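Subject: Structure handover

Hello,

Here is the structure for you to look through. My notes follow below it.

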Amino acid sequence: MTKAWTRWQDWAEVAIGVLVLLSPLVVDTSNAAMWTMIVLGALIAIDGLVDLAMPAMIYGEYVQMVLGALLFISPWVMSYTDMTAASWVSWVGGVLTVAAGALAMPAANAAHSAAAQPH
């Protein structure tokens, strides 16, 4: 079973979330872009921390992939595609978040199966 606070994919999710959360400090944004990046970045980081603390929780990885997809489409939905740097942060951060969630899925499934086994 995977120990808590050890899965590199979840640490990557936390780092991606924090970078997206802080990116409005260094890239030009509109009000909508700034708050979208702050909220989604915070949610990605928080979900990564929850996944680190509870490695057998499979649905956390699904939540992570949904948040990554939302981050990826947010430049179009929130109309900030004209802000190149903010858009690229969202696109790259979204793809990396989905990838990290997908890569963590086998480990989460294994931890869940081990936790479900009678001892």
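Where does Met78 lie? Met78 is in the loop between α3 (59-77) and α4 (84-116). Please bear in mind that this is a predicted model, and that the values below were computed from it.

Overall layout

The protein has 4 helices and 0 strands, and the pattern along the sequence is α-α-α-α. Its C-alpha trace spans about 55 × 20 × 15 Å along the principal axes. There are 119 residues, of which 41% count as buried. Among the contacts in the protein with a separation of 6 or more, 70% are between residues 24 or more positions apart.

If neighbours within four places in sequence are left aside, Met78 is in contact with Ala32 and Thr36. Helix α2 covers residues 31-53.

Ser79 is in the loop between α3 and α4 too. With a relative accessible area of 58%, Ser79 is exposed, because the cut-off for that class is over 50%. Its phi is near 60 degrees, a positive value in a residue other than glycine.

Packing of α1 and α2

Helix α1 (residues 8-22) packs against helix α2 (residues 31-53) at an angle of about 160 degrees, and the two axes are 7 Å apart. An angle over 145 degrees counts as roughly antiparallel, and therefore α1 and α2 are roughly antiparallel to each other. The crossing of α1 past α2 is left-handed. On the α1 side, the contact is made by Asp10, Trp11, Glu13, Val14, Gly17, Val18, Val20 and Leu21. The α2 side contributes Met37, Ile38, Gly41, Ala42, Ile44, Ala45, Gly48, Leu49, Asp51 and Leu52. By class, this contact of α1 with α2 has 12 nonpolar, 3 polar and 3 charged residues.

Aromatic rings

How many aromatic pairs are there? The count comes to 4 aromatic pairs. One of them is formed by Trp5 and Trp11, with 6.2 Å centre to centre and 45 degrees between the planes. Trp5 lies in the segment before α1, whereas Trp11 is among the α1 residues that make the contact with α2. Phi of Trp5 is near 70 degrees, a positive value in a residue other than glycine.

Ring pairs also link Phe72, Trp76, Trp88 and Trp91 into a cluster.

Leu22 is in helix α1 and has a relative accessible area of 43%, so Leu22 is partly exposed. From Leu22 to Trp76, a member of the ring cluster, the separation is 54 residues in sequence and 20 Å in space, C-alpha to C-alpha. Between Met78 and Leu22 there are 56 residues in sequence and 18 Å in space, again C-alpha to C-alpha.

Regards

Technical notes: Residues are numbered from 1 along each chain as its sequence is written. This is a predicted model: local features need pLDDT of at least 70, side-chain atom pairs count only at pLDDT 80 or more; totals for chains, interfaces and linings use all residues. Side-chain values use heavy atoms; hydrogens and water are left out. Rings of Phe, Tyr and Trp (its six-membered ring) pair if their centres lie within 6.5 Å; planes under 30 degrees apart count as stacked, over 60 as edge-to-face and the rest as tilted. Axes are lines fitted to C-alpha atoms, for helices over the stretch in contact, and angles run from 0 to 180 degrees between N-to-C directions. Helices (H or I, at least four residues) and strands (E, at least two) are DSSP runs, numbered from the N terminus. Angles under 35 degrees count as roughly parallel, over 145 as roughly antiparallel, 65 to 115 as roughly perpendicular and the rest as oblique. A crossing is left-handed if the near helix is turned anticlockwise from the far one by less than a right angle, and right-handed if clockwise. Contact means heavy atoms within 4.5 Å. Ala, Val, Leu, Ile, Met, Phe, Trp, Tyr, Cys and Pro count as nonpolar, Asp, Glu, Lys and Arg as charged, and the others, Gly among them, as polar. Buried means under 20% relative accessible area, exposed over 50%, partly exposed in between (1.4 Å probe, protein chains only).
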